[in-house]
Amino acid sequence: MLSLPARAEDAAHAALTQVGTIGVPNPIEAANPLKPESGFKSVGDAFRSGIRDYNAGDKAGAVRALQYAAMQGHTVSLWKLGRMFAEGDGVDHDDLKAFEYFSQIADRYADESPGTRQAPFVSSAFVALGGYFLEGIAGSYVKPDISRAVDMFQYAASYYGDPDGQYALARLYLEGQGVPKDARQGARWLKLAAEKGHRQAQALLGNLLIMGQGVPRHPGLGLMWLTLARDASDADKDAWITELHDKNFAAASEAERKQALSYLEQYIRKKQ
């Protein structure tokens, strides 16, 4: 196993301190609060109703039910509402509302143990917050803050082993944003995410191996990772992965291509 660059509890303390001191009103209490007589028997009933409405295409009904559950601190409801506002999914796109929902998760549930059913939603919230701190939210109090972004990604990556957090942290190390530029450290985080099937991490790791950046040069292994990334990529969103694969494949020797195929077969057998 690759070693992690920071202790999880240190990252947790930093993340909790920063998210918990934003100094904004509770967005759940302000978001159309519903009373117990709203028709829902319980938090679980409201959540299930929200998911049924969402799957049936009734986004307004879904938001109403999920808000009721979120008011009671239901983690997945908070996360789903955050994603809906972040993506403009059935609601007006509103990054600030999304940020505030994700902040509620980080404030309330940062101590959630890895491996629980709630943990993926908590770690995802930290990754989302990292993205918002990285870029800021135009016209709002959320300004770019690279140190907070690093802490959010660090916590998700180290404590929860979140592949999105590991990929985001790797990118910061590769680019020298908020941390010293360190291709070796970036490659280590990419490998952790790549082993979990993160296609963007697989593509970047493959390219580093071919270039010999941060890792010993290994074209055959690099092509293997690029092939895995290409095969898992979304044609509409990941054109860069296909381009990176095709460029490196064209430049590879026949021996390197054969070696990549051998590594790929071994990798697939190991995962079965």
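His 93 sits in the loop between helix H5 (75–87) and helix H6 (95–109). This is a predicted model, and the places named along the way can be found by residue number. With a relative accessible area of 48%, His 93 is partly exposed, because that value falls between the cut-offs of 20% and 50%. Its side chain reaches the backbone oxygen of Ala 86 at 3.0 Å, and a polar contact of 3.3 Å joins it to the side chain of Asp 95. Beyond its neighbours within four places in sequence, His 93 is in contact with Phe 85, Ala 86, Glu 87 and Gly 88. Arg 83 is 10 residues away from His 93 in sequence, and their C-alpha atoms are 9.9 Å apart in space.

Let us move on to Gln 166, which is found in helix H9. Is this residue buried or exposed? Gln 166 counts as buried, because its relative accessibility is 2% and the cut-off for buried is under 20%. A polar atom of its side chain lies 3.3 Å from the backbone oxygen of Ala 157. Leaving aside neighbours within four places in sequence, the residues in contact with Gln 166 are Ala 157, Gly 161, Trp 189, Leu 192, Ala 193 and Lys 196.

Next come the aromatic rings. A search of the whole structure finds 11 aromatic pairs. Two of them share Tyr 155, and the table sets them side by side.

| Pair | Centre to centre | Angle between planes | Arrangement |
|---|---|---|---|
| Tyr 155 and Tyr 159 | 5.1 Å | 5° | stacked |
| Tyr 155 and Tyr 160 | 5.7 Å | 65° | edge-to-face |

Tyr 155 has 0% relative accessibility and so counts as buried. Tyr 160 is buried too, with a relative accessible area of 13%, whereas Tyr 159, at 24% relative accessibility, counts as partly exposed. Elsewhere, Phe 99, Tyr 132, Phe 133 and Tyr 141 form one aromatic cluster.

The charged end of Lys 80 sits over the ring of Tyr 54, 4.0 Å from the ring centre. Likewise, the charged end of Arg 257 sits over the ring of Phe 249, at 4.3 Å from its centre.

Now look at helix H12, which covers residues 219–232. It has 14 residues and reaches 20 Å from its first C-alpha to its last, close to the 20 Å expected at 1.5 Å a residue. Why is H12 largely enclosed by the rest of the structure? The reason is that 10 of its 14 residues are buried. Among them are Trp 225, Met 224 and Leu 226, as well as Gly 220 and Gly 222. What covers the buried residues of H12 includes helix H10 (183–194), helix H11 (199–211), helix H13 (239–251) and helix H14 (254–271).

Finally, a word on confidence. The protein chain averages a pLDDT of 87, and 86% of the residues score at least 70. Confidence is highest in helix H9 (residues 163–175), at a mean of 98, and lowest in helix H1 (residues 8–20), at 36. Over residues 1–34, pLDDT stays under 50, and the model has 64 contacts beyond four places in sequence for this stretch. Where pLDDT is low, the predicted coordinates should not be read in detail.

Conventions:
Residues are numbered from 1 along each chain as its sequence is written. This is a predicted model: local features need pLDDT of at least 70, side-chain atom pairs count only at pLDDT 80 or more; totals for chains, interfaces and linings use all residues. Side-chain values use heavy atoms; hydrogens and water are left out. Helices (H or I, at least four residues) and strands (E, at least two) are DSSP runs, numbered from the N terminus. The expected span of a helix is 1.5 Å times one less than its number of residues. Buried means under 20% relative accessible area, exposed over 50%, partly exposed in between (1.4 Å probe, protein chains only). Contact means heavy atoms within 4.5 Å. pLDDT is the predictor's confidence in each residue, from 0 to 100. A polar contact is a pair of N or O atoms within 3.5 Å; within protein, one must be able to donate a hydrogen and the other to accept it, and residues adjacent in sequence count only if both atoms are side-chain atoms. Rings of Phe, Tyr and Trp (its six-membered ring) pair if their centres lie within 6.5 Å; planes under 30 degrees apart count as stacked, over 60 as edge-to-face and the rest as tilted. A charge sits over a ring if NZ of Lys or CZ of Arg is within 6 Å of the ring centre and within 35 degrees of the ring normal.
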